[in-house]
Every structure is written in structure tokens, then in C-alpha cells.
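I set down here what I looked up in one structure. The entries are arranged by topic.

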Amino acid sequence: NKFLTGGLTIYKSNINMLNSEILDSKSEDALNIINSTFHIDGLLVLNSLSDSIDIDFSNGEILNTEIYNSTNDGIDFSGSNVEMKKFQILWSGDKAISVGEQSLIHAKDIKIDHATVGVASKDGSMIFLDNLEVNNSNYGLVAYRKKDEYDGGQITANNVSFDLVKEKFKIDKNSKINYEE
């Protein structure tokens with residue numbers, strides 16, 4: 001089915017996922033949550049051929065999660081409202097955290113290492129970050145407008161540290177980044 005892109009797809013459901021592992025996914029998304037409400041605690045996603053986690057038009061929380069070796073994005077949000085805490089994302093081929101299409105994300109205690117982009121907010125999305133560490137990456141925080149029908153992205157970040165990041169910020173004229181180290 002072309003509609004289902006996830007190795008594990010949750011569609012129009014309530015999900016409570018505890019202490020789970022998704023390993024060596026060959027799907028477009030290792031985990032895809034669509035139009036659902038969720039609580040995830042203790043997830044490990046290892047070796048994803050594309051995105052590790054893709055959350056579309058859903059609401060929930062994701063805690064104590066580790067993502068290693070995503071060829072594309074570590075976690076990708078579209079049109080979602082999510083709280084994320086205690087995340088570690090290492091070796092993302094594109095964005096460790098991608099927030100788009102008017103998503104609202106609150107993220108706390110996030111460690112990112114070896115990503116092209118640490119955190120990206122685009123297309124009318126807002127992400128609030130507290131205690132973020134980005135290391136060994138090309139970009140730390142990026143905010144922009146990709147699709148004309150949306151405003152730019154916004155990032156508010158407190159307690160941010162960068163180490164071996166080539167460019168801490170990249171922003172277009174439609175977007176905003178506010179941060180404190």
C-alpha cells in the first residue's frame with residue numbers, strides 16, 4: 001500500500017508504547033504515527049534506511065528515546081503537537097529534529113551528535129527547547145519557510161550548547177530564532 005510508509009504505522013489510533021526497539025528498518029519511516037494520540041516511553045530506533053520516526057497530524061508525548069544512525073531525519077513532525085523529553089539522536093544524515101507544517105513542539109533534555117542539521121523549524125512551526133546540546137554537526141538551529149502557504153519557522157531555545165558545529169544558526173527573513181546559552 002503506497003499510503004503506509006512506515007515499517008510500523010499507527011493510523012487513527014491511541015497508542016501507549018513502552019520499552020520498545022525498532023532495528024534495521026528498510027522502510028521510508030521506521031515508525032510512522034498518523035492522526036493519532038500517543039505516549040511513547042523508552043524507545044530505541046537503530047539503523048533506519050530513511051527517517052527513524054515520522055509523526056504526522058498527531059498529539060502526544062515521547063520520552064526517554066534514543067535514535068542512532070538514521071540515513072535521513074531522526075524525528076520528523078508535520079502538523080503535530082508533541083512534548084518530547086530525554087532524547088538522544090546520533091548520526092542523522094539530514095535533520096536530527098525536523099519540525100514542519102504548523103507543528104508545536106516542546107522539547108527538553110535533548111542531545112544531538114553528528115547530524116547535518118541539529119534542529120529545523122519550518123512552515124509556521126514553533127519549537128521550544130530547554131537544555132539542548134548539539135555536537136559535531138554542520139548546523140545547530142535552522143528556521144525557514146519551505147512552502148509558500150505557510151509562515152516561517154520559529155525556535156526558542158534555553159540552555160543551549162554547541163561543540164564542533166560549523167554554523168550555529170541559519171535563518172531566513174520569514175523566521176525567528178531566540179536562544180540563550
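**Basis.** I worked from a predicted model, in which local features need pLDDT of at least 70 and side-chain atom pairs count only at pLDDT 80 or more, while totals for chains, interfaces and linings use all residues. Residues are numbered from 1 along each chain as its sequence is written, and side-chain values use heavy atoms, with hydrogens and water left out.

I took buried as under 20% relative accessible area, exposed as over 50% and partly exposed as in between, with a 1.4 Å probe and protein chains only. This core holds 42 residues, and the members that touch the most others are Ile 62, Ile 75, Met 84 and Ile 97. Strand β8, residues 81–100, contributes the most to this core, with 7 residues. In soluble globular proteins, nonpolar side chains tend to be buried together.

Leaving out residues up to four places away in sequence, Ile 62 touches Phe 38, Ile 40, Leu 43, Ile 53, Ile 75, Val 82, Glu 83, Met 84, Lys 85 and Phe 87.

**Ser 78.** Is Ser 78 buried or exposed? Ser 78 counts as buried because its relative accessibility is 13%. I found Ser 78 in strand β7, which spans residues 75–78. Beyond four places in sequence, its contacts are Ile 55, Asp 56, Phe 57, Gly 100, Glu 101 and Ser 103.

**Positive phi.** Most residues other than glycine have a negative phi. I noted Gln 102, whose phi is near 60°, a positive value in a residue other than glycine. Gln 102 lies in the loop between β8 and β9 (104–122), and Gln 102 is exposed because its relative accessible area is 56%. I also noted Asn 136, a residue other than glycine with a positive phi near 50°. Asn 136 belongs to strand β10, residues 126–144, and at 28% relative accessibility Asn 136 counts as partly exposed.

**Aromatic rings.** I counted rings of Phe, Tyr and Trp (its six-membered ring) as paired if their centres lie within 6.5 Å, with planes under 30 degrees apart stacked, over 60 edge-to-face and the rest tilted. The count by this rule is 3 aromatic pairs. Phe 162 and Tyr 179 make an edge-to-face pair, 6.4 Å centre to centre with 65° between the planes. The pair links distant parts of the chain, 17 residues apart: Phe 162 is in strand β11 (residues 154–171) and Tyr 179 in strand β12 (residues 176–179). Phe 162 is buried at 18% relative accessible area, whereas Tyr 179 is partly exposed at 30%. Phe 169 and Tyr 179 make a tilted pair, 4.5 Å centre to centre with 50° between the planes. Phe 169, in β11, stands 10 residues from Tyr 179 in β12, and Phe 169 is partly exposed at 27%. I recorded Phe 162, Phe 169 and Tyr 179 as one aromatic cluster.

**Strand pairing.** I treated two strands as paired if DSSP finds at least two bridges between them. How many bridges join β9 to β10? There are 14 bridges between β9 and β10, which run parallel. Ile 110 has Leu 132 in β10 as its bridge partner. β10 and β11 also pair in the parallel sense, over 14 bridges. Asp 130 stands opposite Asn 158 in β11.

Definitions and conventions
Core = buried A, V, L, I, M, F, W, Y, C linked by side-chain atoms within 4.5 Å. Helix = DSSP H or I, 4+ residues; strand = E, 2+ residues; numbered from the N terminus. Contact = heavy atoms within 4.5 Å.
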